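Reader: I am new to this one. Could you walk me through it?
Author: Gladly; here it is.

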Amino acid sequence: MLGLALPRHRLGAVLAGFGLVAAGVVMQATATPAAAATPHRILFDNAHAETAGNADWIISTSQPDPLGQDSSPSAETNWTGALSSWGVALQKTGGYSLKTSTSALTYGGSSTTDLSNFDTLVLPEPNTLFTAAEKTAIMTFVKNGGGLFMISDHTGADRNNDGEDAVEILNDLMTNNSVDSTDPFGFSIDSLSISSDYPSAISDSSNPVLHGSFGTVTKSLIASGTTATLKPADNANVKGLLYRTGYSGNTGAFFATSTFGSGRVAFWGDSSPIDDGTGQSGNTLYDGWNDSGATNAALALNATEWLSGASGSGGGDGGGSTCTSAQLLGNNGFESGSSTWTASSGVITNAGGESARTGSWFAWLDGYGSARTDTLSQSVTVPSGCTTATLSFYLHVDTAETTTSTAYDTLKVQVLNSSGTVLSTLATYSNLNAASGYTQRSFNLAGYAGQNVTLKFTGTEGSTLQTSFVIDDTALNVS
């Protein structure tokens with residue numbers, strides 16, 4: 001496209017969200033301490049009506065830090081809340097740091113309860129919808145290596161009478177977010193109200209959730225709950241661990257696990273198993289935690305350990321310090337349109353005039369033949385345990401400029417922190433780099449391990465003669 005004012009596409013934003021650093025570039029930011037140097041960090045949510053009605057899904061009335069109620073609890077009654085047994089059991093190992101969030105969930109911010117400071121987020125039967133920003137934060141947190149523990153209840157359990165129950169709220173998180181709404185975890189929660197059952201564990205002696213350091217899981221408990229339908233065609237890593245009586249395979253999964261990006265996910269179909277029967281005055285509670293027909297405590301604790309990436313109770317590395325080989329960029333080939341990326345209008349496109357390297361969509365910055373700045377960015381956390389992190393993308397540059405010595409139009413590839421400060425300029429391309437076809441560009445970002453960064457492409461065009469910067473097939477591979 002020579003001199004045509006065609007829509008621009010958003011490729012610079014993709015890289016900006018990942019904070020990768022080119023080899024040889026000096027980092028200007030202080031690295032976040034690796035989780036290996038800290039206990040496994042668990043955040044329990046209490047900002048979405050988790051104590052509405054008779055629910056009391058908190059580990060302590062002292063929030064955000066339960067240690068404010070008792071700094072060395074020896075019994076679950078030392079902390080007040082229907083989840084205090086869960087919290088105290090983790091605290092007593094000496095290997096966990098627990099906090100409670102009472103405000104909107106964020107990722108990459110400065111709050112002490114920002115998700116970037118934790119290995120695992122527990123959502124114990126939320127009863128209000130997550131905002132769009134919260135859903136982006138949660139999904140990005142998981143994609144970048146966090147653990148997510150989703151605990152539902154039966155359909156119609158609308159404890160605060162706002163028209164939403166946990167089934168609807170958690171399904172909305174998975175299907176209506178800006179990161180990946182295409183069944184990212186490989187399951188959906190059923191709209192059921194199952195009155196009672198003791199779901200049984202599958203036979204899998206190697207499974208760390210069923211056979212972890214907190215004990216062996218044989219059964220759980222349904223006291224008005226639901227199940228999930230598994231969709232392994234959408235995510236091959238989804239796995240049912242406990243099933244409603246008479247069910248198996250892809251239906252009736254009462255407890256399931258999955259992965260997303262570098263993170264881990266667990267689903268439990270009822271809040272009764274985590275209820276320890278004690279809580280704040282006025283609540284009618286049931287002691288499912290100690291139900292004699294189930295092994296709910298072992299299931300909750302083993303799952304927390306697995307979600308946090310722990311190798312054993314009170315030992316090993318936290319989830320943020322382990323590394324699973326993965327490609328971390330969302331919508332990395334732009335085939336889902338503007339999903340996941342933040343970009344100037346028209347940057348992500350399937351328009352004519354330029355061509356994708358693969359598929360139909362690509363990111364097209366500049367190319368107007370007039371003064372213009374286009375941007376493309378995406379934020380990402382590089383897991384602290386990864387020793388390699390390679391950012392790559394394919395770039396095609398064409399231009400109407402005829403000079404062989406002056407860079408009139410430029411494309412900068414940069415890494416920014418959560419405040420928008422530029423940490424590094426990985427590369428600057430210009431009209432002087434024009435060539436036929438795509439060329440792969442790669443940068444070593446291992447120096448950003450443990451940090452949340454934004455990868456950003458910024459295309460700046462002069463007042464005359466177009467230069468098009470076309471990007472496709474991006475990737476951030478870690479191992």
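Author: Let us start with a term: helices (H or I, at least four residues) and strands (E, at least two) are DSSP runs, numbered from the N terminus. Helix α2 is followed by Gly 94, whose phi is positive, near 80°. This is a predicted model, in which local features need pLDDT of at least 70, side-chain atom pairs count only at pLDDT 80 or more, and totals for chains, interfaces and linings use all residues. Residues are numbered from 1 along each chain as its sequence is written, and side-chain values use heavy atoms, with hydrogens and water left out.

Reader: Why is helix α2 largely enclosed by the rest of the structure?
Author: Buried means under 20% relative accessible area, exposed over 50%, and partly exposed in between (1.4 Å probe, protein chains only). Seven of the 10 residues of α2 (residues 84-93) are buried, so the helix is largely enclosed. Trp 86 and Leu 90 are among them, and the cover includes strand β1 (40-45) and helix α5 (296-307).

Reader: What makes Arg 41 and Asp 119 a salt bridge?
Author: The term asks for a side-chain nitrogen of Lys or Arg within 4 Å of a carboxyl oxygen of Asp or Glu. Here N to O is 2.7 Å, so the pair qualifies. Arg 41 lies in strand β1 and Asp 119 in the loop between β2 and β3, so the pair ties together parts 78 residues apart in sequence.

Reader: Why is Asp 153 called buried?
Author: Its relative accessible area is 3%, and the cut-off is under 20%, so Asp 153 counts as buried. Arg 159, its salt-bridge partner, has 25% and is therefore partly exposed.

Terms used: Contact = heavy atoms within 4.5 Å.
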